[in-house]
Amino acid sequence: MNESIFTGALINDEHTLRDFGAAITNSDVISMPEPNTTLLAVPGRNGRLDLSEVLTGDVSYGNRELKLVLAAETNIERWQTTCLHIFNKYHGRNVTVVFDDDTGHYYVGRAAVSDPHRLRNAGQLTITVDAEPFRYENEQTEITLSGSTTAFDGILPNARMPVSPEVDVPNACTLMHGDDIFTLKAGRQPVPGFVLHEGDNRVSITGARSATFYYRKGCL
């Protein structure tokens, strides 16, 4: 078996090593999410017609699996107490997972706990998480754009996951992104239909001297 590259992980507010005394022992910890593809066979056409990006202009993904096989040097009584605690707190519940080797990102999903057993003077169990496809940045992105007049533009960089920012403006104005124009009121607000894609996104503001954008980036 290959050694795991992950020494431990934070599950909600508890750490596998510090709180359970258990290390991650498996190497197949994080699976890649399966892309949702739609390929249509058309009579008389060479190859299949790829419709995977027709609806949104980008491919979507199914969930990914996180699998943590935890093992600890322990005695029967201590391991039984640890197992019961993990079952009661996490089995069937939604969790946030941060790995020690990637503390800038987190995963979200529903946990299942299984296979608790003893191996001589050690204990082992498995936590499996049906996780959302993207890993999210811990820090929310906050970008303020401004100009010397009430008409200016700027760039909003984004990672792999499409995201819809909230926008805070001092007064009513308009926002342009590509061919889309949105009417904004004063204050912080969601903007339905305003979506940033991967890379640099150019936006324009008319009618205000500044605008602050809030969004969380996600990557595979």
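**Entry 1: around Ile 127**

I began with Ile 127, which is in contact with Ile 11, Leu 66, Lys 67, Leu 68, Leu 70, Ile 86, Ala 111, Ala 112 and Val 113, leaving aside its neighbours within four places in sequence. Contact here means heavy atoms within 4.5 Å. I note that this is a predicted model, in which local features need pLDDT of at least 70 and side-chain atom pairs count only at pLDDT 80 or more, while totals for chains, interfaces and linings use all residues. Residues are numbered from 1 along each chain as its sequence is written, and side-chain values use heavy atoms, with hydrogens and water left out.

**Entry 2: the cores**

I then looked up the nonpolar cores, each a set of buried Ala, Val, Leu, Ile, Met, Phe, Trp, Tyr and Cys residues joined through side-chain atoms within 4.5 Å. Buried means under 20% relative accessible area, exposed means over 50%, and partly exposed lies in between (1.4 Å probe, protein chains only). The largest core has 24 residues, and Ile 127 is among those with the most contacts inside it, as are Leu 66 and Phe 99. I found that β1 (9-11), β8 (64-73), α1 (76-90), β9 (94-99), β10 (105-119) and β11 (122-131) each supply at least two residues of this core. Helices (H or I, at least four residues) and strands (E, at least two) are DSSP runs, numbered from the N terminus. Apart from this core lies another, of 20 residues, including Leu 145, Val 167, Phe 182 and Leu 184.

**Entry 3: pairing of β9**

Two strands pair if DSSP finds at least two bridges between them. I saw β9 pair in the antiparallel sense with β1 over three bridges, and Ile 11 has Val 97 in β9 as its bridge partner. With β10, β9 pairs in the antiparallel sense over four bridges. A hairpin through five residues joins β9 to β10.

**Entry 4: two open sheets**

In one open sheet I read the order β14-β19-β16-β17, with antiparallel pairing. β14 (151-158) and β17 (180-184) are at the edges with a single partner strand each, so one side of each is left without a neighbour in the sheet. β14 pairs with β19 (residues 199-206) over eight bridges, and Leu 156 stands opposite Asn 201 in β19.

The other open sheet has four strands in the order β13-β20-β15-β18, and its pairing is antiparallel. Its edge strands are β13 (141-146) and β18, each pairing on one side only. I counted six bridges between β13 and β20 (residues 210-215), and Ser 146 has Ser 210 in β20 as its bridge partner.

**Entry 5: aromatic rings**

Rings of Phe, Tyr and Trp (its six-membered ring) pair if their centres lie within 6.5 Å; planes under 30 degrees apart count as stacked, over 60 as edge-to-face and the rest as tilted. By this rule I have five aromatic pairs. Phe 99 and Tyr 107 have ring centres 5.8 Å apart and planes at 75°, so the pair is edge-to-face. Phe 99 is buried at a relative accessible area of 1%, and Tyr 107 is buried at 5%.

Phe 182 and Phe 194 form a tilted pair, 5.8 Å centre to centre with 50° between the planes. Phe 182 lies in β17 and Phe 194 in the loop between β18 (187-190) and β19, so the pair ties together parts that are 12 residues apart in sequence. Both Phe 182 and Phe 194 are buried. With Phe 213, they form one aromatic cluster.
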